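Hi,

Here is the structure I said I'd pass on. Have a look at it first, and then read my notes below.

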Amino acid sequence: MTGKMKMSSDVGGAIREVKRDHMQWSKEEEAAARKKVEENSAVRVIQEEQVKYESEASKYWDTFYKIHKSKFFKNRNWLLREFPEILPVDKETEEKMGEPLWDLVETDAANCFSKMPEEKNYYEKSSGSSDDQSKREFDRPSLDSEEDRKGPPKTELFPGSDATFRILEVGCGAGNSVFPILNTLQNIPESFLYCCDFASGAVELIKSQSSYRAAQCSAFVHDVCDDSSPYPFPDGILDVVLLVFVLSSIHPDRMQGVVNRLSKLLKPGGMLLFRDYGRYDNTQLRFKKGHCLSENFYVRGDGTRAYFFTKGEVHRMFCKAGLDEKQNLVDRRLQVNRKKQVKMHRVWVQGKFQKPSHWTQNSSKLLFSTPFS
């Protein structure tokens with residue numbers, strides 16, 4: 001394994017070494033990871049329990065936020081660095097703000113990825129780990145109609161209808177992405193942020209924060225797996241959809257439908273930004289036997305679930321939804337907590353997918369023959 005070593009301090013005072021560059025695993029390391037996954041997935045959760053975890057998914061997450069409130073995850077101040085597309089950054093915007101946009105965000109580059117508690121504290125505290133605490137074809141969306149290209153009528157009123165740049169964060173949780181984004185949006189009044197979660201307790205936490213501004217943000221309860229549940233805004237108006245460590249919590253059979261629906265919310269040229277767990281991430285390797293629901297899909301001790309993606313799966317899902325791939329990479333890193341003498345091989349998949357500005361009738365009928373698995 002090769003990569004440049006950087007140093008950062010852990011919250012508890014321990015020194016953690018983070019290899020910042022994308023890592024290349026040796027054949028031996030990959031074989032060892034594959035063996036661990038084979039071992040911890042040998043025993044599957046019984047079907048009756050699987051049905052319960054699916055039907056009561058919102059309850060488990062609601063309980064999670066009632067217990068931990070907004071103190072479990074840290075704010076994702078690394079977000080704007082990885083996804084500058086979140087904000088309408090141009091010369092006019094920077095002049096209006098009077099300073100470079102990224103100066104408003106934490107500038108400790110060496111530490112930005114050590115502040116990703118979804119990938120650190122969560123598997124330690126609530127996964128099925130050593131502490132026991134733990135397809136189908138479809139029609140691609142068409143942009144042939146004049147109405148789809150223009151978006152909603154200007155006379156139609158909805159939250160953020162006056163904005164010229166609109167963002168939706170799916171699975172906003174307690175607001176660990178919302179508030180870093182809102183902190184910057186206050187300097188760009190023509191922007192508007194939507195955020196949703198199917199855990200009502202999480203949405204309540206966001207609205208209770210003093211930093212929440214209803215004039216520039218709309219937080220609402222929504223289940224992205226429920227096609228019959230409407231959004232508080234029309235289709236085809238979003239510039240950005242943010243999907244960070246959310247899709248992995250959804251049953252694999254429902255993922256494609258979720259991505260298809262989110263694609264419809266984007267305006268032509270809009271971006272869907274994705275980051276989530278990758279195959280053989282340390283979180284996956286730490287699960288004990290009896291926590292595997294299906295291939296690469298697990299349940300934690302608190303009833304929440306996690307799937308571990310490959311780059312190919314991500315490519316197929318988003319391209320099947322009619323989006324063009326702009327970025328799709330596997331980010332492998334080594335994190336070492338010296339105080340606890342714990343070494344963690346982290347694997348994440350990150351992608352950027354854009355809705356085409358123009359779509360022909362022929363391309364809208366294109367189907368991928370390789371099913372998502």
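How many contacts beyond four places in sequence does the model have for residues 359–373, where pLDDT stays under 50? The count is 38. Bear in mind that this is a predicted model. Where pLDDT is low, the predicted coordinates should not be read in detail. That caution also goes for residues 4–21: pLDDT stays under 50 there too, and the model has 60 contacts beyond four places in sequence for that stretch.

For the protein overall, the average pLDDT is 78, and 68% of the residues score at least 70. Taken element by element, the highest mean pLDDT is 98, in helix 12 (residues 311–320), and the lowest is 40, in helix 13 (residues 361–364).

Now to the spot I looked at in more detail, around Ser177. This residue is in the loop that runs between strand 3 (165–170) and helix 8 (178–185). Ser177 counts as buried because its relative accessibility is 0%, and the cut-off for buried is under 20%.

What does Ser177 touch, once neighbours within four places in sequence are left aside? Its contacts are Arg76, Leu79, Glu169 and Leu242. Take Leu242: in sequence it is 65 residues away from Ser177, yet the C-alpha to C-alpha distance is 9.4 Å.

Helix 8 is largely enclosed by the rest of the structure, because 7 of its 8 residues are buried. The buried ones are Val178, Phe179, Pro180, Ile181, Leu182, Thr184 and Leu185.

Cheers

Technical notes: Residues numbered from 1 in each chain as written. Predicted model: local features only at pLDDT ≥ 70, side-chain atom pairs only at ≥ 80, totals over all residues. Heavy atoms only, no water. Helix = DSSP H or I, 4+ residues; strand = E, 2+ residues; numbered from the N terminus. Buried < 20%, exposed > 50% of the residue type's maximum accessible area, 1.4 Å probe, protein only. Contact = heavy atoms within 4.5 Å. pLDDT = per-residue confidence, 0-100.
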